[in-house]
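Trainee: Could we go through this model together, taking the arrangement within a chain before the contact between chains?

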Amino acid sequence: MLTLGEVHTGLLQNSSSLSLENTAQLLDFLVGQRVRRSERPIAYAVSPDQLTGIDCRLPTHTGSRTRGVGTVVSHAAVTGGHVLQGSTYTRLDRAASNRRLIWSHYLSRPGWVETIGKVDIRDVAQGFLGPTYQPQTLNLGAISARLIDAVQSSARLDRRPPFRTKRTRLRWAVLPAPDQSTEAHGKFRIESDTLRTLELTAPQEAVPALVEFCEDLALHDWLLTTLLSLIEFSLTGPGTRTQRIDRLRPAIDCLLHLWMPAARLDESVLPVWRDLEHRPGFTRQWQTSVTRIRDQVTLSTIALLEAPSR
Amino acid sequence: MLIFAASDKGGTGRSVTSSNMLYRSALQGSDVCYLDFDFGSPTAGAIFNIDSAVRGTTRGGLHDYLDGALAEPQRIEVWTESDRASLRNRPPGAGRLVLLPGDSGGGEFPATRERIERCARLFLRLEEEFDLSLVDLSAGRSYATQMVLAATAMPELKSVRSRWLVFHRWTRQHVLAASGLVYGTRGILDAGSRAGHDYDELVNRLRFVRTAVVDPDSPELEGLRPAQVAWLRECNQDLLELASNNRVGRTMLIGSVPLDPVLQWREQLISDNDVYARKIANLETVEAFSALAKLIVDDAAWEML
């Protein structure tokens with residue numbers, strides 16, 4: 001059994017941080033379902049799960065044709081009133097019969113896709129995570145992106161963001177561990193400036209916690225990517241020191257206080273975070289960048305103090 | 001901000017001027033992207049020297065996206081993927097320069113509700129990450145123009161700023177044609193107000209750009225006979241009058257680009273290398289592009305008198 005997912009992360013198109021109350025209203029787009037939210041240790045709200053029915057080919061590395069029918073789960077989440085995420089995932093399972101069944105059968109198993117015919121889950125996982133463009137196959141990223149689009153076009157947002165930045169995508173897959181006692185572990189890769197992949201091996205019961213883990217990882221990867229590009233743009237660009245510091249302002253205003261890795265995660269997946277902290281070392285790079293920004297600000301303050309008073 | 005580049009006739013230099021302007025804008029530090037909405041004949045790949053997309057891409061471009069065949073159109077990062085050495089490597093301080101190519105073998109298609117929505121969604125997505133998104137429209141009254149007018153009239157795009165540039169050459173026929181494209185029946189303003197835009201507000205967001213302009217006072221014309229110069233001067237005077245009578249005059253003008261031999265021979269980006277080292281392009285041309293790049297985002301230049 002295999003779990004596939006893709007998380008997209010971007011900046012909420014609003015001039016200021018959205019309050020938790022407003023965030024909850026923003027994500028309340030399914031009638032009759034509640035938006036889950038938490039305030040500690042960081043403001044966070046997540047929309048109710050939304051199901052999308054699919055019947056399409058699955059991506060494979062070898063190019064073999066496998067058909068999947070079922071539903072995928074997606075939800076949108078906002079962290080700290082600034083960062084918006086769209087997350088979509090599904091679990092794959094062999095179908096009992098070799099034909100498509102009535103739709104109510106698939107609806108009775110929300111978040112499962114049944115594969116019709118022979119399937120090699122390693123092949124599917126590799127095809128899904130691989131960089132080659134495979135048209136007309138299951139595209140979970142498109143569903144996540146649409147969900148983000150839907151939230152971003154809400155009339156509750158003023159569409160005057162403090163800065164412009166790219167969305168990043170984390171594509172992940174969980175392969176079953178050979179035995180239940182194995183600790184979850186994964187391989188994280190940066191494929192391009194917006195695409196990251198994570199291949200996890202874990203026991204089945206860890207999957208729900210791993211979904212949250214992937215969302216948390218995507219969030220922090222986006223924070224780091226965005227901060228680094230803001231620093232690069234500010235410090236290599238033309239202008240005086242004051243102008244450069246001014247360009248760093250959005251980072252100080254919106255990003256620096258959002259770093260809180262593994263804040264809401266289940267104990268069982270913490271080892272995966274620990275591995276990633278060891279190498280490549282997310283928090284290490286974040287801390288260095290934050291220190292660099294603070295140093296720049298301090299230097300500019302000193303320069304102001306030393307300037308002859310007029 | 002969204003910039004729409006339109007022209008009534010082909011061969012006005014719309015694509016080459018707008019891509020050069022965008023290139024200058026990227027060099028000035030903005031993150032910019034270029035959308036090739038000239039579905040009938042996608043050429044932007046050639047201007048940016050992307051060999052794989054010279055006549056449009058085969059890997060899923062804007063045409064396929066708007067048609068609903070794919071979730072996201074292909075993007076080409078010019079600084080890394082251009083096949084021209086002087087365009088590769090992003091200069092320090094420069095912003096991103098991204099091309100969204102059309103599809104080879106595309107073609108015009110009517111603006112349906114679904115296509116308009118996809119178009120609006122794309123604009124919003126690009127607006128998240130780019131300071132400027134320039135949409136290069138097909139010449140004349142096209143379906144592409146109708147589609148973007150309908151998309152920008154949607155309530156979701158209400159707070160997104162958009163501006164229109166209408167390119168024309170400095171000749172009688174081109175001045176009249178540009179005026180017709182903007183003010184005529186089924187022109188931009190007419191189609192725009194039908195799509196739900198406010199007529200006067202749309203006029204305020206529209207300016208003309210003159211291309212391949214020969215300045216009668218230019219020192220380059222020294223080789224001409226006095227009679228020729230006198231005739232040029234007279235023509236220029238007539239054109240100025242014609243333009244102002246057809247509301248294409250000075251108040252609606254945002255910039256003019258001089259005639260440049262390089263652009264006469266080949267549609268390409270003019271790099272600083274072409275001006276300073278190889279000395280094949282004129283400095284005035286590059287200065288005109290840079291000025292245009294500054295003016296399109298300068299609110300003062302868009303205030304109506």
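Trainee: How many Å separate the centres of domain 1 of chain A and domain 2 of chain A?
Mentor: In this predicted model, chain A is divided into domain 1, covering 2-212, and domain 2, covering 224-306. Taken over C-alpha atoms, the centres of these two domains are separated by 27 Å.

Trainee: Which elements each supply at least two residues of the side of domain 1 of chain A that touches domain 2 of chain A?
Mentor: The contact takes 20 residues from domain 1 of chain A and 19 residues from domain 2 of chain A. By class, the domain 1 side has ten nonpolar, eight polar and two charged residues. The elements of chain A that each supply at least two residues to that side are strand S9 (185-190) and helix H5 (207-236).

Trainee: In chain B, which residue of S4(B) is the bridge partner of B:Ile76?
Mentor: Eight strands of chain B form an open sheet with mixed pairing, in the order S3-S4-S2-S5-S1-S6-S7-S8, and its edge strands are S3 (76-77) and S8 (253-258) of chain B. S3(B) pairs with strand S4 (residues 97-100) of chain B in the antiparallel sense over two bridges. Within S4(B), the bridge partner of B:Ile76 is B:Leu99.

Definitions and conventions
Residues are numbered from 1 along each chain as its sequence is written. Chains are lettered from A and ligands numbered from 1 in the order in which they are written. This is a predicted model: local features need pLDDT of at least 70, side-chain atom pairs count only at pLDDT 80 or more; totals for chains, interfaces and linings use all residues. Domain bounds come from an automatic or database domain assignment. Two residues are in contact if their C-beta atoms, placed from the backbone, lie within 7 Å. Helices (H or I, at least four residues) and strands (E, at least two) are DSSP runs, numbered from the N terminus. Ala, Val, Leu, Ile, Met, Phe, Trp, Tyr, Cys and Pro count as nonpolar, Asp, Glu, Lys and Arg as charged, and the others, Gly among them, as polar. Two strands pair if DSSP finds at least two bridges between them.
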